Each structure stands twice: as structure tokens, then as C-alpha cells.
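Please open the structure in your viewer and keep the selection tool at hand. The stops below are meant to be taken in order.

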Amino acid sequence: MGKPDFANSTKSAEAVTNPPPYSSISENINEPPTYRPPENSHTLSYDRCVGSEGPVAIDDCITHLKFLSAAAKVRNLIRETDKLFGIHDSEAKNFSDPRKCAQGAVRIQEKRWAVYVTRAVDRFATWWQNCLPSSNKSRISMVNDSSETKIVWTADTIPPLDVIMVWHAYMLNPRAFLEDCLRQSKMSVWATGFPWDVINTSINKDTFEFHPGSAARLNFETKTGHCWENINDKPTKSLTCFGCKQEISSQWTSGSIGCDPDVAFAHCVGYADKSLRISCPECKSRITHDSLSVQKLHNDVQRLLKDDVPMPGTLLSEHGTPAHDKNGDKSFPNRLIKEGIRSELLELTDLTENESTTIETIRDRLEVFLKDRSLIRRVNKKALSSGDASLEEKMSLRNMLSRYWDNSSPFAINLIGAVIRQGTFVGKMDDIDWLHSPTLTSNLTGFISKYETFFQIMARNKGHAVVPTLDVDLIWHTHQLSPARYYDFSTTQTEGIFVNHDDKVDEGKLTDAFAWTSRQYQKLTRGKVYSECTCWYCEAVRETHNEGLGRLISQSASQAKANAAILHGRTENTPDGGQSQGPHISSHSAVRIQAQTDPKSIQTKTAQLRSHWEKAQRRSYNRTASTGSDNSHRNPSRDPFQDPYMRDPEIHREAYPCNPACVNATPGAPGNCISGTQGVGLEQGGCVSVTVAAQTRSKGKSFCAGMAGCGMNM
């Protein structure tokens, strides 16, 4: 099979740094696109054999890079389009302080992207419901059902690029995606996977513009009621009043940047704003993001009681595979609601009667229910038991409630945050620009081989966080976009564990786990370098491998030193201001754990990194002194703790309904939600991806063991 001819193409500087003016899209928005895929555009086979290429097809990786370039182009264009969504660049000039002017300009660009993504998620939800087939088969039986009908994607049925971007980010949370496909009977979507062939032929390989054709536009607009182009869609979001059921229109965003860029847009009350607040003109009921989350829970309880649709967070076992036993620990929340608290919970979540109810209120009530031993005995139908819910049952209840913290969408996760965090990865892929490498195919072959080793590390170390480099993460992401194939591979390699890729990881734990992963890779490959990058951070991490070796240097460590030295001779690894284009740590999933941010620990880690980096530089200087090489360029351009493993500094919490780059793990907060469930890994509640979902017992106590690299959890 041939490969797309990217090797001989050149990436236009204008396409990278100067996106086409907004008018180039908006002026012709109502005209059917005239672009058709070029005749020599590569066509991918739909069901290819990947045995000779490993777990992931090279063609899929190439198309993935092409898609990421198209996404990066849209992201840049939206951010830089003045006045889009009523957000004006001129507002940044209102600040007298030059620093605040510059900061304000960044905040304004970010807010446009935040609104665009919020609209995209809303459009995706409509497309998911109206355009994708549903199955009536048993939910649990469909995961390994080879007879499940696959969707035949064509250029006429593919959705717009912004919807595909949401879909892409969604699938990169594989356990959440599986749970929703099961609950919402969308297993044909699971079985089919990402439509690589159609995406490839719909993206111009030179301009990266996405145009599948006028039939796709007509199909999407007819079935969803949305415009094909996100920017031309409805100027308001339609909501239903909880009280009188009247339709209410909310702006997507309201107000201006405000008087302080540090809290830019925090006061705005539109649907895409942090402080959504809209009152019904008829009955005066008030809608907020919190009330929408409560309404979501209320609707899910009704579906459980009426249609026996399990509550979210109750379908998958601790290994991420479907839980078959309706009377098991995972189904405890369903039993608790159906057999014990249905009336109380329905009343509590009825906003027409209890307008002040929040998810916190519900959490508090659930804590009371858990302490009622007679209730627990009745729910579990064990009259002679102690009446205490097991830790696994409590964990499942916590899992369920996590689906509603800062999430009013019909999905298991907040997709707005998922897309925003993926934007960091998209930007890095676009900057590295592997797509235009003359050795693209051989590079990807090496990446796939490296990914297989990475997966071996995961399989052999089920109790440890494992962190990918950017090249490994590209392959890992590509693999997950074929869910059924990834599920089979994952459960086979790990003896029954569906390896997750939760995209929220404590940035402090991320860097420690990355250093550990680098050492494991070095041992497994007899000295190969994991992070083929010469930025200050990767130099510091490699230096940590030399600790404690003394004179007893192993063969793999000795070879690793030699391989690291070779990196400095490569022209492509020459740092620019302390940075490098090498594939170092993939940190798009990094978030800050609010309650665990200790200034002293930050200072300690900073000092440790700088110390290791200085040792590496002395080693480099001694190695090159005889040749007269200049080492001055090796000074880091920024404070070590600011790059590259930390959360994306461009993600500003006030621009979003839910902060994509920070989670709150204080007592009683979402990451530590129900009293009596402490000691259970935060990630399995979907609140923080710090540990993994494999539950084990030791001396009567339960703890979470696992992995949380780029967000992978086992």
C-alpha cells in the first residue's frame, strides 16, 4: 500500500505563522465548497491488516498527523480572529500596564477558543444523538461482539471538523468512551473507530483545509439543525427552564475582559462562561452550571428507574472491562437508588421543588445514606450482614457521582476540558512537524516499535505510573482511535486490564514518573535513550539515571551514556534557548492539584532539577572542551519548573465553565467527594488521574495501585 506523498511537500511558513484571514472562510460560508480531494490523494483501506506494522498502521499515524495539522490551523485561526463571538482585541489596550496589555491579549485569544470549543461540544452532542445509530443488543455482550454492525463512513456522512475534534478528544479517554457507548447503545461507533480513510481524503495535504463536500454539509445541517460552520451557527444556546419548561436563550458569552487580566471573563454569565446565570422571564427560575449538573443526575435516575439504564460509573469493573454482575459491587449505586432511595433522590434533584440543590448537597445526602446500616442490608439483601457498605461499593458510588462534578453534558467526562487539554498536544505536534519529514515512514516505524516497548513497561509494572514521550504518545493516541482493536490489544497484553488514558495527571507526579519510565526503558532496551531530546529538562532527567551507580555501572547504563552523548552530535537536536525539537515528555495531561500545591515542594523539585541539569552540563562541557565547542547555548531560557512537564500556561481557569488545568482535591471537593471513601484512588472517581483503577487488598485495607502517565490508568 502506498503512503501519502508528504515527504516531498514543504510546509508553508505562512500556513504555520499566519493563518488565512477570517474572511477567507466567512465570506463564502453559504456557498457549497468547491474543493474536492486531489486525484493523487492517498486512500486508506478500511479494514487493513496491521500484523506486519505492529499494533498500529503507519497509514493511520500519517493521517492522524494530517488531522492534527488541520486542527492546529483551526485553533490558530479562531484565536486570532478579531471580534469573533463579540470578543475584541482592542480591549487589551485598555490596560495602562504594558504587562497587563500583553496578558490581556493572550486571555482574549484564549477566550475565543474556549467559546468555539464549547459550541463544538454542543454541536457534537446533537450529532452524537441524531446522526449515529443505536443498537438494541445487550450492552455488556457488545464489547467483544464481532457481529456488531460497523458504520460505513463516507465523505457524505462525515461531520464538520470541529465536531471531529471533539470526537477525537473523547476517544482519547477510552474508558469513558466505552462506558458511554455501552450506556447509550452506540457500540457500532466503538466497533468502527475513527474514519481514517474519509478524514484523509477530506483534508487538503497542502493547505490542511477540511472539505468533504456539499453532501456532507447538507446531511449534517438537515439532521442536526446546526450550520456546517461552527462560527456561523446560532448566536445563542437554547435551554429549557426547570420550572415552567419554557425555552430560554442564553448568550454563549457576555460582558468583556474586565478590569484585571488575572481574572479575565470570570464575571461573564453566558453558557460558555464560568459564571453562567440566566433567569426564566416567566417563572424566575435560575439556571447555572451547577443546576444543569443536578438536572443531568435527575434525568439519569429517571432513566434507571424507567428503562433500567445503569447510572454512569457503574458499568465497568476496576480493570476497565464490563462488569457483568448486576448484584456486584460496581452495581451498588443502581441497587441503592432502585431499592432504597429512589423517592428521596428524585425529590432532592427536582429543581422545581428544591432549586438550591447542588451536587454538594447530593453528596452530603449520600453520606447519610451510607451510614444507615439497615438501608444497606436491605439494598444488598443481606439481613445478617453488618450493614456496612464495602469499600468497593463506596468506590462505585464515588465513581457515579464523579460524572456530575463540573459536568452537565450527557457524557462521562467534560468534553470541553478534554478538547482544551488536547490542544496542547495538537500544538506540539504541529511545531515538531513530523508530517513533512523526508524520513516520515521510517520515523513512524521506530515510534511504533518504541510504543510496543512502552506498553511492555506498563504490562510489567501494573502498580506504577508510566509516562510517554511525544513520539510514543502519538502512536498511543492513534491506537486508541481504533477502540475495539485497542481494547483487544490492551486486555491481551495486561491479562485482562483495559489500559486507560485519562487526561488529567498531577504535574508533580508526572515528572517523577517520567524519570522512572526513562530508567525502565533504558533497562529493557539495553541502554537506548527514551527521550531523544537535548532540552535542559531531558538532560536533567537523564542525569538522574546516574544516581547511586557509583563504580558499579551496568552495561545498559554505560550504553545509555554513550547513546546520550550521540544525541548532542545531531543537528536536529541543537537546542534553541534551552529548547529542542526532540520528542521529550508528553505533558498535555498535566493538571495542578489545588490542595497539594506546596510552595516548598515546588522549590525542592526546582532545586533538584537544576542540580541534575548542572551535572549534565559539566559532563557535556568536559566531553566537548577538547574540541572547543561552545556550551553557552545550553542554559535554560526559563525557570526549570515552568517547562516542559507543567500544565499548559496558556490555559486560564477563568475562561472556562470548568478549569481544564486544575482540580481541587481538598476535603469535600470533587476529588475527595464522599466521606467514607477516602483512601480510594482519585482517578477512578474521574476527578484526578493520579493513581490507577486496579484495586487490591492488603491486610484488610484497600488501596489503588496503578499507572497514570499521560493519564493512563489500569
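How many disulfides does the count come to? With a disulfide taken as a pair of cysteine sulfur atoms within 2.5 Å, the count is zero. This is a predicted model, in which local features need pLDDT of at least 70 and side-chain atom pairs count only at pLDDT 80 or more, while totals for chains, interfaces and linings use all residues. Residues are numbered from 1 along each chain as its sequence is written, and side-chain values use heavy atoms, with hydrogens and water left out.

Select Cys 244 and Cys 280: the sulfur of Cys 244 has its closest cysteine sulfur in Cys 280, at 3.5 Å, which is too far for a bond. Then select Cys 283, whose closest cysteine sulfur, in Cys 241, lies 3.3 Å away, again too far for a bond.

Next, select residues 332–348, helix H11 (helices are DSSP runs of H or I with at least four residues, numbered from the N terminus). Centre the view on Ile 341, where H11 has a kink of about 100°, the bend being the angle between axes fitted to the seven residues ending there and the seven starting there. Ile 341 is also one of the buried residues of H11, which include Phe 332 and Leu 348 (buried means under 20% relative accessible area, with a 1.4 Å probe and protein chains only).

Finally, select Phe 124, which touches Val 163, Val 166, Trp 167, Tyr 170, Phe 411 and Leu 415, not counting residues up to four places away in sequence (contact means heavy atoms within 4.5 Å).

Notes. Helices (H or I, at least four residues) and strands (E, at least two) are DSSP runs, numbered from the N terminus. The expected span of a helix is 1.5 Å times one less than its number of residues. Buried means under 20% relative accessible area, exposed over 50%, partly exposed in between (1.4 Å probe, protein chains only).
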